[in-house]
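Here is a note for a colleague who is opening this entry for the first time. Please read the points with the structure in view.

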Amino acid sequence: MTDKMTEDDLTAVVVQRLEATPDARLREVTQAFVRHLHAFAKEVRLTDEEWFTGITFLTATGAMCDQTRQEFILLSDTLGFSSLIDLINHSDVEALATEPTILGPFYVPDSPERAFGDSMVEYDDGGEPAIFTGIVTDTEGHPLAGVLLDVWQNAATGFYAVQQPGVQPATNLRGRYRTDAAGRYEIRTVRPVPYPIPADGPVGQLLRDTGRHEWRAAHIHVKASKDGYEPVTSHVFDRESRYLDSDTVFGVKDSLIEDFVAGPDGVLVCEHPIMLASAAVELAGAHD
Ligand code: BEZ
Ligand code: FE
């Protein structure tokens, strides 16, 4: 009598079949993916019905995607996977540079260039006036002039301009600023507010089914870049915001939480230092 195939035999056969993949990286990724996918099903003893539920969920997730809605990215965000990829690729825990966080779906390139101290508020919906300011330095504390800060945030209603065409001007609450000769930046804005990520699709249903909520803690997004330095995509969180401990996309990092405190004229000020690491230099012959 011949031996019956075991679960582990099957995994090994599939991994072996992929051994012929000509591209070494594709081979590595697909073999590891198969190993982990099989291990997951074996660990939870996945039933036929559960597998079909998973297929139905993924089908609905794909059907929800169009030019303006990317439900797979929301799935990645809410499973902490986007933040994991960010940590793997853009974070060196030993380094002093500002910690990165996810880009999110509401970034719009080519925001208007605005001068030091200018407001990015183009539409008044009752937001609390605030000044977002600070210094950008290298990791040794030297001020960096001419750093490009691409900034965007939501309005007091919770919506980004891109979510409300015809209500907010398209460039409301976003802008590109530069640090001055002393490395400082200053942006007039409004205090950001917590907001729910789009939750009317399968990802929102999964959040509810797992006893979670769809809220993000209040934040301002900032992408900082300058030639010769590693660019960083990050956030600044309001220390008084709800959801700092349960941000639905796992974006909060302690070093990115700041106070909004009333200045002499009563306007709130949020002071946030940003540090950029020098770009990794590829030395000729470094691999020899
Ligand atoms: C955001 O911060 O804009 C965002 C990030 C992930 C999902 C939805 C929104
Ligand atoms: Fe956001």
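This is a predicted model: local features need pLDDT of at least 70, side-chain atom pairs count only at pLDDT 80 or more; totals for chains, interfaces and linings use all residues.

1. The chain is divided into domain 1, residues 1–46, and domain 2, residues 75–286. Between the C-alpha centres of domain 1 and domain 2 the distance is 41 Å.

2. A pair across the model. Glu140 sits in the loop between strand 1 (129–138) and strand 2. From Leu10 to Glu140 there are 130 residues in sequence, and the C-alpha atoms of the two are 54 Å apart in space. Is Glu140 buried or exposed? Its relative accessibility is 65%, and because exposed means over 50%, Glu140 counts as exposed.

3. The iron site. Which protein atoms are donors of the iron ion (ligand 2)? They are the OH atoms of Tyr160 and Tyr195 and the NE2 atoms of His219 and His221, at 1.9 to 2.1 Å from the ion. Along the chain the donors follow the spacing Y-x34-Y-x23-H-x1-H. Tyr160 and His219 link distant parts of the chain, being 59 residues apart. Tyr160 belongs to the loop between strand 2 (148–153) and strand 3 (174–178), whereas His219 belongs to strand 7 (residues 219–225).

4. Burial of that pair. Tyr160 has a relative accessible area of 2% and is therefore buried. His219 is also buried, at 0% relative accessibility.

5. Why is the arrangement around the iron ion (ligand 2) irregular? Six donor atoms surround the ion, and the angles they subtend run from 53 to 166 degrees, so the arrangement is irregular. For comparison, ideal angles for six octahedral donors are 90 or 180 degrees.

6. Largest cavity. How many cavities of 30 Å³ or more does a search of the whole structure find? The search finds two. The largest holds about 100 Å³ of space. Its lining has 14 residues, and those nearest the centre are Gly104, Pro105, Tyr195, Ile197 and Arg216. By class, the lining of the largest cavity has ten nonpolar, two polar and two charged residues.

7. Second largest cavity. The volume here is about 50 Å³. The lining includes Phe106, Val108, Trp152, Gln153, Ala161, Val162, Ala170, Asn172 and Arg174. Eight of the lining residues are nonpolar, two are polar and one is charged.

8. Backbone at Leu173. The phi of Leu173 is near 60 degrees, a positive value in a residue other than glycine. Most residues other than glycine have a negative phi. Leu173 lies in the loop between strand 2 and strand 3. With a relative accessible area of 2%, Leu173 is buried.

9. Backbone at Phe250. Phe250 likewise has a positive phi, near 60 degrees. Where does Phe250 lie? It is in the loop between strand 8 (232–238) and strand 9 (257–258). Phe250 is partly exposed, with a relative accessible area of 45%.

Technical notes
Residues are numbered from 1 along each chain as its sequence is written. Chains are lettered from A and ligands numbered from 1 in the order in which they are written. Side-chain values use heavy atoms; hydrogens and water are left out. On a 1 Å grid over the protein atoms alone, a cavity is a set of points where a 1.4 Å probe fits but cannot get out, and a pocket is an open set with protein on both sides within 12 Å along at least five of seven lines; lining residues have an atom within 4 Å of a point. Grid points are joined across faces, edges and corners, and a volume is the space filled by probe spheres set on the points. Ala, Val, Leu, Ile, Met, Phe, Trp, Tyr, Cys and Pro count as nonpolar, Asp, Glu, Lys and Arg as charged, and the others, Gly among them, as polar. Donors are N, O and S atoms within 2.8 Å of the metal (3.2 Å for Na, K and Ca); water is not among the atoms, so sites may look incomplete. Four donors count as tetrahedral if all angles lie between 85 and 135 degrees; four count as square planar and six as octahedral if opposite donors are over 155 degrees apart and all others between 65 and 115; anything else is irregular. Helices (H or I, at least four residues) and strands (E, at least two) are DSSP runs, numbered from the N terminus. Buried means under 20% relative accessible area, exposed over 50%, partly exposed in between (1.4 Å probe, protein chains only). Domain bounds come from an automatic or database domain assignment.
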